[in-house]
Amino acid sequence: MDSEADSGAILAVENLSIAYKTRKRLLAAAREVTFDVGPGQTIGIVGESGCGKSTVAFGIVNFLGTNGRITKGSVRFEGQELVGKSQKELNRLRGDRIAMVYQDPMAALNPTVRIGVQLYEVLTAHREIRKEEARARSVAMLRRVHMPDAEDMMNRYPHQLSGGQQQRVVIAMAMLNEPALLIMDEPTTALDVTVEAAVLDLVEDLKRDFDTGILFISHNLGVVARVSDHLCVMYAGEVVEKGPVGEIFHHPSHPYTRGLLKCVPKLGASKSASRLYPIPGRVPAPADRPIDECVFAPRCDYSTEKCTASRPDLFDAGDDHIARCFYAEKVKRAGGSPLPVQKKRSASKKPETREDGLSCKEDPLLDVENLKVYYEQESGSLKSLLGMGEEQFVRAVDNISICLSKGKTLGIVGESGCGKSTLVKGLIGLEEITDGEMVFLSMDVAEPVSKRNQVVIREMQMVFQNPDATLNPAYSVGRQIARPIRRFKTVKKEQVYGEVVRLLQSVRLGESYYNRYPRQLSGGEKQRVGIARALASRPDLVICDEPVSALDVSVQAAVLNLLLEIQKIFGTSLIFIAHDLSVVRFFSDDVAVMYLGQIMEMGPAETIYAPPYHPYTEALLSAVPVPDPDAEQKHIRLSGNVPSALNPPSGCRFHTRCPRRKLLPGNGKICEIEIPPWQEAAPGHHILCHIPLEVLNEFDAVIHAA
Amino acid sequence: MTVNERTSEFVDLQPEKAGNIQRMRDALSILLASKTATVGLVLVLFWVFVALFAPILTPYSPTEQDWMAPNQGPTWRHPLGTDELGRDLWSRLIYGARVVLVILPVSDRFWIPGGTAIWGVAVALLIGAALGLISGYRGGWLDEIIMRLLDAMMSIPVILLYLIIVAAIGASAVNVVIAMAIVGTPGIARLVRGLTLDIRTRDYIRAAETRGENTFFIMFAEILPNAKGPIIIDAMLRVGYAIFAMGTLGFLGLGLPPPSPDWGSMVAKGREFILAGSPWAALWPSIAIASLVVGLNLLADGLREETMRYQ
């Protein structure tokens, strides 16, 4: 590997070690990282948060801040050594020969400067070029990244663009000088799945045309599987495995890689047919990382005394594939796809025998009908100030009917802005509902939480998304769980402590956590405490608003397993909101797909993920990054942006972006005029679409596993 | 503080003594990690110490006059010298510190613990925090009314406001406290409102709401404890300003009524004799005010920097 570094590679990183100076000591953040990037090649770096992925990326261009420094190793870029170069010399390279794209496009663009100026500045800063020419090239590049109205875009400000468009502009900016190396640090993490898919397509596309080497950093295995040729798996600052993408996915040779692959639900996997295997423990903090042992040993199933006695060398697994493990051979033989391979579903397979899943005939716990949550939009015009303007409403949730039976899980999926969070806020009473009926435990609950009956409050609890905000930092874990117990007098006063301990144990945290404070817990632990707190009043219904989306995948699996187990023990019903379709599929009995405040398709989970699909569901599924480089996936990309909920499209709300409407006579004229009917594809499976079921039935399944 | 007692609704079965000691130790280590904060702490502790033990640290009463020795420089008998009436400056200085930091004289005979400056800030904190919490959490028209009223108060220059209030209700220690509370309230209310606006968007507040907690509980038990860091630092700075304000009022003759030892009026009296060759009577209280205010500022700044780095 090293010998070819000078010959072909654009970037050769060798034994790179990076440390940060803290008040106490020097902390190693990356250790002996070695890899090459060749022209036109994409190297993916995966790993969980805190594994040093970004540190390596910043280290290459020496953006380490005042307290970070490279302690060892070399970074050779086009033959010249970058380590030791002054910031001034590096400045000439950065933005010219080496370009960068970061996670948050809004932070990469200057909000007060027009897009056009920001673009051609990149050119004028690095070379002698006339302004007109720079401008022309900027417009051409915007077209190249498939921006509509490129000329017009030049005069806009960043906030006038959608997130996906902003990221396209950032990519255009990076590509303007035709860099030899493009570093992308989680470029799609902040984007919705359909937008993400389009941006990844663009990256593929550019790679083909420009011969640029790409260093692609992501925590999402599906995303790297789609774009990378080679993969580096990082753990606790070390590259633990490296090799061609197919090799790594099919023959992972490091236990960590294997663990990562095992802990994400595959698209289409369900809780009854498969299970998730979380990696126990968490990534050690830089200060706790052993120097002469295997860093992964404490969390590893394979570890023996040998692993803690000395640090494993790189094991050559053949085909350019290496892993830092004593037992790489053994792990490799254990096979890559530890999930039970799903039997291929035939479209004709009948879903489980259920009479009618969503119209609530048996044992309804929650029955919502025609729920509407509108926000009044205050326009700044003089007319409206004088009270003469028309009142405008953001229809965040418009006419939604759902039903949930006891002990079941309802999953709600949709992209950001589809109204799924507003829906749950309406359900739990944090948002005043505009219209509709809501019956919970045979009681009318169509009112805000402050007016609700104590029983209703007790029986409906919520788990929140952000683990860092879900617990009050001022109180110990025990107190926070005890509070709802006291408040609802679930148990006698003397038994409160015992009850808290019991809850802590049921979320796999011991009594020792009672006196800890939130800041002493990891993200996954905080989320568990949040779950314990929600369960403390022994509710019938727990609403989970993206409970795992802020967690690392290995921890995510543990929390999902925990929720499943709890549901089994307590018989709690769950409403589970997520944007990750594989997680929702894995977790839910019934699924509702939301778009722009309305439900487009709902039914038992297995029917949603197999044809017939609603065209929107089909597009969503085809955009999901699948952690399998060989899987064949349909290629459907939605054009345009999600329309404003202030003025939703007439007829079918999806008609402005629907790729399937041309199947209807007159190019889908009817979609613009009439609200589509609910068609029942199978018992309990409903699709809101004009296209006849027979046609929808003919669509192929979106994903074929290789 | 009184406000924090509300949190006792979160009563715990398990005593948390060990945790408290640990937290104190943590706080101290944060303090000592910063040189700025350490210097500030030493200055402040010096004044608190002499104020607490004033009766032991001097044989003289602050009002005892010695006609034989007016306007003296430092001597063995009077370590800092005497004023124009022959009163011992050291004793007046530390009894002055006592009024600022340790006791609040309510009448000639009766006093309550807690210095005038401390009480002024504490009362302002109580009212300001309550108003800020209500404004920030409830929002809407209530917020508008409260904030506009406070804006109106803030538009009057501080010194003028002090003069108006003290002139209207008379010069006494308690009235100085009232004046300081009125002047300090708007600033604290704004600070707390800002913190509340941020904290109320957190999920744990949502969690409390979905639990059906009442507004009062959410404001004082859920929001306030998380705002206390910046509030404490702000309060330290405010004690500094309050000492300054006391000095100003005293200097203008609106502080504590004579003959009680008051740093501001000491400077005012001593000022007349600076050119006559005895600057001591004006010098010492000036240094006292300066060192105490600077000390508090250093302490607050160091603490703020250090806690930020700590996070």
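Student: In this predicted model, which residue with a positive phi follows H9(B)?
Tutor: The model is a predicted one, and helix H9 of chain B covers residues 203-210. Beyond the end of H9(B) comes a residue whose phi is positive, near 75°, and that residue is Gly212(B).

Student: Is H9(B) largely enclosed or largely open, and how many of its residues are buried?
Tutor: The buried residues of H9(B) include Asp203(B), Arg206(B) and Glu209(B), and also Tyr204(B) and Ile205(B). Ala207(B), Ala208(B) and Thr210(B) are buried in this helix as well. H9(B) is therefore largely enclosed by the rest of the structure, the count of buried residues being 8 of the 8.

Student: Which elements of chain A do the buried residues of H9(B) pack against?
Tutor: Within chain B, the buried residues of H9(B) pack against helix H8 (173-199) and helix H10 (215-251). Across in chain A, their packing partners are helix H16 (420-428), strand S18 (460-463) and helix H20 (523-535).

Student: Which helix gives the most to the side of chain A that touches chain B?
Tutor: The contact brings 27 residues of chain A together with 18 residues of chain B. Helix H17 (454-459), S18, helix H18 (477-488) and helix H19 (496-506) of chain A each supply at least two residues to the chain A side, and the residues of that side divide into 15 nonpolar, 7 polar and 5 charged. The element that gives the most, with 5 residues, is H18(A).

Student: What separates the centres of domain 1 and domain 2 of chain B?
Tutor: The domain assignment of chain B gives domain 1 as 45-101 + 266-311 and domain 2 as 107-260. Taken over C-alpha atoms, the separation between the centres of these two domains of chain B is 27 Å.

Student: Which helix gives the most to the side of domain 1 of chain B that touches domain 2 of chain B?
Tutor: The contact takes 16 residues from domain 1 of chain B and 21 residues from domain 2 of chain B. On the domain 1 side, the elements that give two or more residues are helix H4 (89-101), helix H11 (263-271) and helix H12 (280-310) of chain B. By class, this side has 12 nonpolar, 3 polar and 1 charged residues, and the element that gives the most to it, with 10 residues, is H12(B).

Student: Why do S6 and S11 of chain A each have one side without a neighbour in the sheet?
Tutor: The open sheet of 8 strands in chain A has mixed pairing and the order S6-S7-S8-S3-S9-S10-S12-S11. Strand S6 (98-101) and strand S11 (315-316) of chain A stand at its edges, so one side of each lacks a neighbour, and the reason is that each has a single partner strand.

Student: Which residue in S12(A) stands opposite Glu241(A)?
Tutor: Strand S10 (residues 238-244) and strand S12 (residues 322-323) of chain A run antiparallel and are joined by 2 bridges. Within S12(A), the residue standing opposite Glu241(A) is Ala323(A).

Student: Which residue in S21(A) is the bridge partner of Val413(A)?
Tutor: Strand S15 (residues 409-413) of chain A runs parallel to S21(A), with 4 bridges between them. In a regular strand the side chains alternate between the two faces of the sheet. In S21(A), Asp590(A), Ala592(A) and Met594(A) point one way, Val591(A), Val593(A) and Tyr595(A) point the other way, and all are buried. The bridge partner of Val413(A) in this strand is Val593(A).

Student: Which residue takes a positive phi in the hairpin of S21(A) and S22(A)?
Tutor: S21(A) and strand S22 (residues 598-604) of chain A pair in the antiparallel sense over 6 bridges, with Asp590(A) having Pro604(A) as its bridge partner. The hairpin has 2 residues between the strands, and the residue with a positive phi near 50° is Leu596(A).

Student: Which element gives the most to the largest nonpolar core?
Tutor: Of the 304 residues in this core, Leu215(A), Ile575(A) and Val593(A) touch the most other members. The element that gives the most to the core, with 15 residues, is H10(B).

Definitions and conventions
Residues are numbered from 1 along each chain as its sequence is written. Chains are lettered from A and ligands numbered from 1 in the order in which they are written. This is a predicted model: local features need pLDDT of at least 70, side-chain atom pairs count only at pLDDT 80 or more; totals for chains, interfaces and linings use all residues. Two strands pair if DSSP finds at least two bridges between them. A residue is buried if 20 or more other C-beta atoms lie within 10 Å of its own, exposed if 12 or fewer, and partly exposed in between; C-beta atoms are placed from the backbone. Two residues are in contact if their C-beta atoms, placed from the backbone, lie within 7 Å. Domain bounds come from an automatic or database domain assignment. Ala, Val, Leu, Ile, Met, Phe, Trp, Tyr, Cys and Pro count as nonpolar, Asp, Glu, Lys and Arg as charged, and the others, Gly among them, as polar. A nonpolar core is a set of buried Ala, Val, Leu, Ile, Met, Phe, Trp, Tyr and Cys residues joined through C-beta atoms within 7 Å.
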